[in-house]
Amino acid sequence: MDATIKLLSILLYSAIGSVLGEFCDRGTGECKQLTAADCPAVFYNLQIIGYNNVKYCDEFNDIVCCPLPLNAQQKNVKPMETTRMFEKECRRYNDVRSSCRQTPLIVDGTKAEPREFPFMALLGVRQPDSSVISWDCGGTLIHPKFVLTAAHCLATTETKEQRLDANFKSPKYVVRLGELDYSSTEDDAQPQDFQLVNYVVHPSFEEAADGGIHHDIALLELDRNATLNEYVAPACLPPSSGNEHFYLTAAGWGHTSNSGQKSSHLLKVALQRYNEEICMARLENRIVPRTQFCAGAGSDVTMADTCNGDSGGPIFVQHPAYNCLKQIIGITSYGLICGNYKFPSVYTKLHLYTDWIEQIVWGV
Ligand SMILES: *[C@@H]1O[C@H](CO)[C@@H](O)[C@H](O)[C@H]1NC(C)=O
């Protein structure tokens with residue numbers, strides 16, 4: 001085969017999903033595309049199996065573990081290596097944490113404690129010839145040099161090269177870690193400011209005509225490693241969907257697209273994840289349940305009176321294995337209407353993007 005064609009087909013194949021054709025679920029199934037032709041057994045029985053019980057080989061690319069007929073099942077297939085790079089890193093993050101602040105997570109739009117969420121990042125923009133920074137989005141530290149945020153936070157009029165070029169006259173991004181109340185110098189915080197050397201918007205990011213936003217995820221590369229301490233420490237990525245978590249916490253400085261209320265103090269809010277039908281109904285179908293979920297304050301009795309987190313900021317749970325760490329389940333995307341429980345906010349499902357993140361952050 002011609003080398004170029006070979007390379008192209010390899011690239012195409014890996015883009016579609018390199019797991020196709022592999023055995024899965026201890027040899028009882030084979031990884032196949034979820035279509036009527038490739039895997040009718042799952043395709044036609046989705047309702048019976050239940051969306052949350054479908055076994056995926058590659059959920060992002062809709063590749064499922066399709067059951068094989070009994071005579072074709074493989075015995076003694078070794079389970080695949082399951083510890084991912086980001087999980088090993090998470091263990092290391094835990095090893096270097098000497099102490100942490102624990103507070104009950106059932107709260108409604110209250111101020112975060114100092115050092116409670118040391119992974120919280122602020123993404124700001126500084127206009128040329130000005131020292132004033134406008135803090136517009138939130139983010140999450142997931143590695144000493146990388147911050148996760150929402151892609152729509154990076155909308156610019158100039159090119160990325162111009163935006164990153166210190167000598168080109170344009171607004172410049174600033175990332176701040178270790179902050180609590182950015183209008184105070186008396187707060188118990190140890191801010192560290194960074195410039196960006198790069199940022200990567202997900203290649204499929206799109207703001208659709210119906211108002212929906214898809215694949216709203218991006219990575220920011222800082223100009224140096226953050227100094228990790230009690231005020232600045234990374235959070236962990238999720239190895240699985242996190243669908244089992246009904247109660248989640250979001251944190252942010254309350255900058256939302258449709259609100260004038262901004263809090264200079266970091267806030268936290270307890271949220272409930274809604275099921276697909278509720279999300280679809282309340283958001284008038286402007287949500288893609290495969291890649292997004294929605295959450296809000298459960299009822300109007302406990303209605304949060306603050307905005308439930310920054311765009312770009314995280315929604316997370318306590319890490320199941322590590323006391324001092326949080327596991328990020330989603331990224332706040334859109335749909336925020338402050339204090340109105342009827343309009344849940346929409347989150348990007350983080351676990352679908354961990355391959356993409358690993359490639360950029362750890363080069364694997
Ligand atoms: C930055 O942190 C990473 C991850 O801990 C480490 O591998 C790397 O060597 C550090 N880089 C510098 C310049 O200290």
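Visitor: Which residues have the most contacts inside the largest nonpolar core?

Guide: In this predicted model, they are Leu141 and Val175, in a core of 70 residues.

Visitor: And what is Leu141 in contact with, leaving aside its neighbours within four places in sequence?

Guide: Leu141 is then in contact with Phe119, Ala121, Val147, Leu177, Ala226, Val232, Pro234 and Ala235. Apart from this core lies another, of 9 residues, which includes Cys31, Val42, Val64 and Cys66.

Visitor: Switching to helix 4, which residues are buried there?

Guide: Phe86, Cys90 and Tyr93 are buried in helix 4, and they lie on the same side of the helix, because they cover an arc of only 55° around the axis.

Visitor: Why would residues three or four places apart point the same way?

Guide: An α-helix has 3.6 residues a turn, so residues at that spacing point the same way.

Visitor: What do the buried residues pack against, and what is on the other side?

Guide: The buried residues of helix 4 pack against helix 7 (354-361), while Lys88, Arg92, Asp95 and Val96 are exposed on the other side of helix 4.

Visitor: New topic: where is Arg26, and what is its phi?

Guide: Arg26 sits in the loop between strand 1 (23-24) and strand 2 (29-33), and its phi is positive, about 55°, although Arg26 is not a glycine.

Visitor: Is His215 buried or exposed?

Guide: His215 counts as buried, because it has 21 C-beta neighbours inside 10 Å. His215 is in the loop between strand 13 (213-214) and strand 14 (218-222), and its phi, near 50°, is also positive in a residue other than glycine.

Conventions:
Residues are numbered from 1 along each chain as its sequence is written. This is a predicted model: local features need pLDDT of at least 70, side-chain atom pairs count only at pLDDT 80 or more; totals for chains, interfaces and linings use all residues. A nonpolar core is a set of buried Ala, Val, Leu, Ile, Met, Phe, Trp, Tyr and Cys residues joined through C-beta atoms within 7 Å. A residue is buried if 20 or more other C-beta atoms lie within 10 Å of its own, exposed if 12 or fewer, and partly exposed in between; C-beta atoms are placed from the backbone. Two residues are in contact if their C-beta atoms, placed from the backbone, lie within 7 Å. Helices (H or I, at least four residues) and strands (E, at least two) are DSSP runs, numbered from the N terminus. The arc is that of the directions from the helix axis to the C-beta atoms.
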